[in-house]
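Dear colleague,

Please find below the structure that I am handing over to you. My notes on what was found in it follow directly after.

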Amino acid sequence: MAQLWGGRFTKETDALVYRFNASISFDKKLFEEDIEGSIAHVVMLEKQGILPEEEKNAIVKGLTGIREDVKGGKLEITDGYEDIHSFVEANLIERIGDAGKKLHTGRSRNDQVALDMKLYIRKEIIHVAEELEELLLTLIAVMEENVDTYMPGFTHLQKAQPITLAHHMGAYFEMFRRDSLRMKDIYGRMNYCPLGSGALAGTTYPLDRGYTASLLGFEGPTLNSMDSVADRDYIIELLSALSTVMMHLSRFCEEIILWNSNEYHFVEIDDAYSTGSSIMPQKKNPDIAELIRGKTGRVYGALTAILTTMKGIPLAYNKDMQEDKELTFDAIDTVKGCLSLFTGMLKTMKFHKEAMAKSAMNGFTNATDAADYLVGKGVPFRDAHGIIGRLVLYCIEKGACIDSLTIHELKAISPMFEEDIYDAVSLETCVGKRLTTGAPGQEAMKEALGAYKEFMDKSWLKGKHLK
């Protein structure tokens, strides 16, 4: 059992306790971050005169070799080590001798793991944001092609007013844009280096924490050593933001599942993102959309778990905090996978434009515009509302829609109707005259698309390079 402690103890740890305490099975995911942080640490130690140059060079060479051998498959991270830190240090000592024992000078596993997690989370925030940007670009492409694709807008799952597919997609663009900006906010807030905080009270060695922070691309060092090792707010924030991403994906998937049904027939999901039935040969199921919807609960669970873990922990570090890793790793991988699959599904999806327009025509989505028409003729709105209500009832009884009635039928309900009513309640007019900012009219949509493209052109990810 390779571990970094033991001088205080007089007998071996029970095997079951060791396995229960060990984290190597999951924190091995942090091996590159652990080595990156260790290299920066020893470079700083040499700069401060704490390590001689030759020992620094030997340690850096040894660490680099370990990293390359693990990545190349020559060195395996096994459960013979307690954690990733003991794996790296033990292999370093084996390779370069006693100089390797000086790697841990001026630091604790507490600030070491805090650094590893921050480095990992920082990298993964960029990966998630890149997936979000690909989805946002896909949404823009769908919007540009469907500025004139009419469809019903819904409230309470009932047809309400006519909109366009571009307008509907724009609502999701807004959601995922906010998700991207949340990633930016978390990145900026967490980007301070905890290394050098020690177990909780710093160290007597003359460390240059600002230099270490700069080597690792942080804005600067954290300013309270107790908070540095006890802080997992950035993980909670990320899991909260990821939960919101999944909530948005789940809502979108729910609509696609509805639109894909025989009753709606608004879309057809590509064969590559569908599955069949083992017994019913006619079935083409939206399983990917359903799975994404289902995996939302998995990410919510990770957020709930870390909040519950952290709620009763006193300062500073406690072993409970080891529970932050598995659920965070899983949530990140889940969200990245869902974003990638959803974007691919959306890119290949076919929209049945005629079915959408027909559905808008047959759902009295132009009733509000008919009322506005009467208001324009001098009828008080409350009276106009009642007249159109009676008109809708008449249409339901006849199995007709407003614009299919004759002018005589319309005048029988209100003499204020004239021939221009047909143009006033057409889908083109109902949508086209809505020109306020954020509305579905063509000019408003062009304005929105311009703003969305500008947002993408000024992406906060520009200049953020992953190693």
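The largest nonpolar core of this predicted model has 79 residues. A nonpolar core is here a set of buried Ala, Val, Leu, Ile, Met, Phe, Trp, Tyr and Cys residues joined through side-chain atoms within 4.5 Å; buried means under 20% relative accessible area, exposed over 50%, and partly exposed in between, with a 1.4 Å probe and protein chains only. I121, M183, L242, L249 and F342 have the most contacts inside this core. Two or more residues come from each of α6 (109–145), α7 (165–190), α10 (233–259), α11 (287–310), α12 (324–348) and α19 (442–457), and α10 gives the most, with 15 residues. Helices (H or I, at least four residues) and strands (E, at least two) are DSSP runs, numbered from the N terminus.

Another core, of 22 residues, lies apart from the one above and includes Y373, L374, L391 and I421. Y373 and L374 are also among the buried residues of helix α14 (residues 367–376), together with A367, D369, A370 and A371. Their cover includes β2 (158–164), α15 (381–398), α17 (421–424) and α18 (427–432). Just after α14, G378 adopts a positive phi of about 100 degrees.

M183 is in contact (heavy atoms within 4.5 Å) with I125, V128, A129, L132, L238, A241, L242, V245 and W460, leaving aside its neighbours within four places in sequence.

In helix α13 (residues 353–361), M356, S359 and A360 are buried. Seen down the axis of α13, these residues fall within an arc of 100 degrees, so they line one face of the helix; the arc is that of the directions from the helix axis to the C-beta atoms. E354 and K358 are exposed on the face turned away from the buried side. Among the elements that cover the buried residues of α13 are β1 (150–155), β2, α7 and α18.

Finally, T222 lies in the loop between β4 (220–221) and α9, and it counts as buried because its relative accessibility is 14%. Leaving aside neighbours within four places in sequence, T222 is in contact with K118, Y192, C193, P194, S197, R209 and S228. M226, in helix α9 (residues 225–230), counts as partly exposed because its relative accessibility is 32%.

Residues are numbered from 1 along each chain as its sequence is written, and side-chain values use heavy atoms, with hydrogens and water left out. As the model is predicted, local features need pLDDT of at least 70 and side-chain atom pairs count only at pLDDT 80 or more, whereas totals for chains, interfaces and linings use all residues.

Yours sincerely
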